[in-house]
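Subject: Structure handover

Hello,

Here is the structure for your files. My notes on what was found follow below it.

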2 protein chains.
Amino acid sequence: MSNKQTGSGRFRTEESTAVNRREQILEAAVAVFAEHGYYKATTAQIAEKVGISQPYIFKLFKNKEELFVAALERAFERMIRTFRAVAAPVEQLLSETTRSYEQLTETHPSEILLQVQALGIRDEAILQAMQSGMLAVADEIRSKFAAAGIEHPEVEVSTIMANGMLFSIAMALNMPDLKPRQA
Amino acid sequence: MSNKQTGSGRFRTEESTAVNRREQILEAAVAVFAEHGYYKATTAQIAEKVGISQPYIFKLFKNKEELFVAALERAFERMIRTFRAVAAPVEQLLSETTRSYEQLTETHPSEILLQVQALGIRDEAILQAMQSGMLAVADEIRSKFAAAGIEHPEVEVSTIMANGMLFSIAMALNMPDLKPRQA
DNA sequence: CGAAGAAGTGATTAATCAATAACAATTATT
DNA sequence: AATAATTGTTATTGATTAATCACTTCTTCG
C-alpha cells in the first residue's frame, strides 16, 4: 500500500509518501516553531521550508495545534531515548545524565527551545503534552536512578530537572552566564 | 501640574490621572497576559478589566510590546524588592530566600506566570527585559550572599535560581509533583 | 489502457486585532 | 468666562493567517 521502495535496492529518499512528508513537516516545524514561537511561526513558513504548499500541511495535520503537539512529542521522545541510553557506574550516573542532557542541547537545540516555548503556551492540548512529557522524562530518570541503587532518587531527579531547566532557559534567553554552576 | 489631591485630605482613588491609569492598566495587563499569554491576550480584554476603551491603552503605552515589557519589569521589581527584604542569620539565609520566593508565588502568582510566559517569547524588547531582569535578580541574591560571607555565592545563587525556575514551571504547568524536593 | 487512489496545488475567506484618526467631554488655569 | 490641557470615546482599517474548497497531477496495478 504505502510501503514503497524502488527495485534498485537503494532507498529513494526523494520519493514522497505521506509518512515521509509528515516527518519532513515535523522537522521543519520544530525549527520554525523554535525560532519564532508558536504564534509567530506560520504554517506558510513551515511549508516553504519543506518545499510544499501551505494547505498541504492540513492534509497531514488537523490543525496548527496538533502539528505543534506532534513536534513537541518528538522532542520529548528523543530526550527520553537519550536518557535511556545513558550507561555509567553508579558514582557517575548523575554527572553522566547531566552531561548527556547538555549534549542533547548541542545536537538538537531546536527541540530544547521548543520545550521552553511550550512552557508558556496556554493551550489545553499543548499543556497536556507538556505534562505527560515532563512526567515521562522524570520517570525515566527516576527509574534508572532507583535501579542503580541511588539513595534518594526523587531528590536527585529534582536536582537534575531543576538544573536542566535553568540550562535550557539560559540557552533560550541567550544568557550563558546563567547556566548552572557545578552540580 | 499633575500632582493632584482633593482638599479634604483624603486621596481620591477614583480620580483618574494618566499615572493612575497607567498603574491600573499595568495591573490588569499582568493578570490578562499571565492567563492568556502574550499573543492570545488582547488589548480589549485588558481595557475591559480596567473599565476603559481599548484605544485608550495606546494613549499611555506606545504599543502592546511596550505594555508587556512594562508589566514584566513590574514583576521583576517586586521580586527584587522581595529578595532585598529578606533578613536572616547566615545559616538560614538560603532557606529564607527560597521561602520568600515561594511566598511570592502565592501572593503574586500572575507576576510569576508572566515571567514564565516571557521565557518563550521571541521578541527583541521582551528578550532584553528578561535578560536584565534575570541578571538583576541573580545579582541581588549574590550580593546578599556575599555580604553575609557565604562561601561560594555563585554556586548557591545558581541552585536558588534553578530551583526557583523549576518551582515556577511546576506552577505554570499545573504539576505540583514537579516542585523541587528539598534544597 | 484506464480507473482508482494518493499526493499535491491555487484561490479564497472568515476571523481576529493592534493601531490610528477624528472627535467629545471633563478639568484646571488665568 | 474663556482657554488650554488632559482625559477619554467611537468608528474604522489594514494586515495577517489558519483553514477550506475545488481542482489537478501522478502513480499503481488489474
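A base nitrogen of DNA strand C is 3.4 Å from a side-chain N or O atom of Lys59(B). That is a polar contact, meaning a pair of N or O atoms within 3.5 Å; within protein, one must be able to donate a hydrogen and the other to accept it, and residues adjacent in sequence count only if both atoms are side-chain atoms.

Some ground rules. This is a predicted model, where local features need pLDDT of at least 70 and side-chain atom pairs count only at pLDDT 80 or more, while totals for chains, interfaces and linings use all residues. Residues are numbered from 1 along each chain as its sequence is written, chains are lettered from A and ligands numbered from 1 in the order written, and side-chain values use heavy atoms, with hydrogens and water left out.

DNA strand C

Gln54(B) also reaches a base: a side-chain N or O atom lies 3.0 Å from a base nitrogen of DNA strand C. Thr43(B) has a polar side-chain atom 2.8 Å from a phosphate oxygen of DNA strand C. Of the atoms of DNA strand C within 4 Å of the protein, 64% belong to sugar and phosphate.

Chain A against chain B

Contact here means heavy atoms within 4.5 Å. 35 residues of chain A are in contact with 35 residues of chain B. The buried area is about 3,000 Å², and carbon and sulfur atoms give 68% of it. Buried area is the accessible area (1.4 Å probe) that two parts lose on being put together, summed over both. Tyr39(A), Arg122(A) and Leu173(A) supply 21% of what chain A buries against chain B, more than any other three residues. The interface has 10 residue pairs in polar contact, both residues at pLDDT 80 or more. On the chain A side, helix 8 (153-172) gives the largest share, 10 residues. Helices are DSSP runs (H or I, at least four residues), numbered from the N terminus.

Helix 6 of chain A

Is this helix mostly covered or mostly open? Mostly covered: 8 of its 10 residues are buried, that is, under 20% relative accessible area (1.4 Å probe, protein chains only). Among them are Glu111(A), Ile112(A) and Gln115(A). The cover includes helix 1, helix 4 (64-84), helix 5 (90-107), helix 7 and helix 8 of chain A, together with helix 6 (109-119) of chain B.

Best wishes

Key: A residue is near a molecule or strand if one of its heavy atoms lies within 4 Å of it. Helices (H or I, at least four residues) and strands (E, at least two) are DSSP runs, numbered from the N terminus. Buried means under 20% relative accessible area, exposed over 50%, partly exposed in between (1.4 Å probe, protein chains only).
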